[in-house]
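Have your viewer ready and try each task before reading on.

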Amino acid sequence: MQRHDFRIYILAITVAIFFSQFANAQNELLNVAASLKKSEGKVTAYYPASIEKQAKSIQGLLEKAVDYYNKQLNINFPITVVLFGPEEFERFTKEKYGKADPYNEFLPFVTSGPPKVMCLPAMGGSALDSLTQMALKKSPSLTKKLNLSIPEISQRFTALVGLHELGHQYIGELEICQAVHWFQEMMANYIADAFLTDLSPTDALIWQVVNEAYETNLMPANRTFSGIHKGNQENYVWWQGNISRIAHEVYMKYGLDFLQKLKKLSNVKIYHEDDLAFIIALDEIAPGFEQWAGKYGHITTADKIQMDSMSKNIREETKIAIAQNMPNLYTSIYSNQWEKGNTSYNKTVMRFLKDFETADFKQTDEIADYIEINFMGVDNFFEKATAITKLKEIRSGFRNLKIRLQSVIPIKSADSNEDWVFVTGNMITTQENGTLKNIDFFQQFSFTKDGKIRLIKQYELASQ
């Protein structure tokens, strides 16, 4: 890669980190949520009318948690919770992915915004509910600790997962780097555990019982550190149960002081992407991580040999890092893991731009059934047919259009599992008075899982 192209590549990634948050799931979420009942408060809640009592209970729990985190972490941000039943979930996934996913695949999630929006299942039959009930039915001795039926335990636990989703946001706001996936999830559980342990002992018991049932009764497909995202939903939920146990141990031993030690590691190379080096560093600041990793099969015999060979240097570097206190100035919220993307998407984007230049939209099969357009004054979601009409309308505003591309860059957000293509270039068009107008642009294209364009977004600087 030439130096000029490298600078463009870095610029593209930098812009994406800042702007891509506006182009993600919160738009689709809020579009669907707008048709539901709304309850204002410190936490805004959207919910189907049939579950109003349950929704108000979840809203109250999250508001109590927000007060706790604001006091303990000195962080305050607006948060919205959206509760979906099967119908709402299908509408949302159809908008986002172009096809409706069944409710039994629904696991809770959060979008970083703005605005920050978490989405929780509101009714039985979600993936989380099914796996929770399956795990609890195999653990009668655990469920006896709670004076609740298994469906009641599952419903309350689903609400508590909202604290985990909040945890993701607070860790981001604290600007603690989370370059490995399992640690992102562990820290979200750690934040949830802090509130439950300190202020909600009854819910804390539900949290611990369910997570113990997950670890005991669900079957992981892959126990090694990269295995958290290498398997089905049962594998992922087993991991949640497992890492919630170490999160609880860490909080009970070190409290929120653990966060301050993590912040001091933010600029250290050992903190990034290497699970084995990372475990050694964590074990240095909070002994017990290596023992946990060995006990549950997260590290192999070969891993242990490798760790032994580098342990001394890693531990020394960690001690120096903590003493020097070198936090990052900022932490990326949308993604910390960018890598080279699918180059075939370059051709998809260039075919689209050629169609736009020639006003001849031939490649309609490469556009998703639902697409977001933020381009030349248009900012909305459209069905494909309407989107094509809108693009033609936009194109009609140009005379003798010529597009010149400087760079077409495919990249992938590994931690968000989303494919993008970034384009830099310019458009030249003839104005009514006969003079030429040059528009320098940066464009973002986002793709569905089956490789169709689901987002077109342009930032521009016009000059004569």
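**Exercise 1.** With which residue does Asp419 form a salt bridge, and how far apart are the closest N and O atoms?

Solution. This is a predicted model, in which local features need pLDDT of at least 70 and side-chain atom pairs count only at pLDDT 80 or more, while totals for chains, interfaces and linings use all residues. Residues are numbered from 1 along each chain as its sequence is written, and side-chain values use heavy atoms, with hydrogens and water left out.

- Start with the rule: a salt bridge is a side-chain nitrogen of Lys or Arg within 4 Å of a carboxyl oxygen of Asp or Glu.
- Apply the rule to Asp419: the partner is Lys412, with the closest N and O atoms 3.4 Å apart.
- Then check burial (under 20% relative accessible area is buried, over 50% exposed, in between partly exposed; 1.4 Å probe, protein chains only): both Asp419 and Lys412 are buried.

**Exercise 2.** Find the salt-bridge partner of Glu28 and locate both residues.

Solution. 

- Glu28 pairs with Arg454, the closest N and O atoms being 2.4 Å apart.
- This pair links distant parts of the chain, 426 residues apart: Glu28 sits in helix H2 (residues 25–33) and Arg454 in strand S12 (residues 453–463). Helices (H or I, at least four residues) and strands (E, at least two) are DSSP runs, numbered from the N terminus.
- Both Glu28 and Arg454 are buried.

**Exercise 3.** Is Glu290 buried or partly exposed?

Solution. 

- Glu290 counts as partly exposed because its relative accessibility is 25%.
- Its salt-bridge partner Arg315, at 2.9 Å between the closest N and O atoms, counts as buried at 19%.
- Glu290 and Arg315 are linked with Asp283 and Glu284 in a network of salt bridges.
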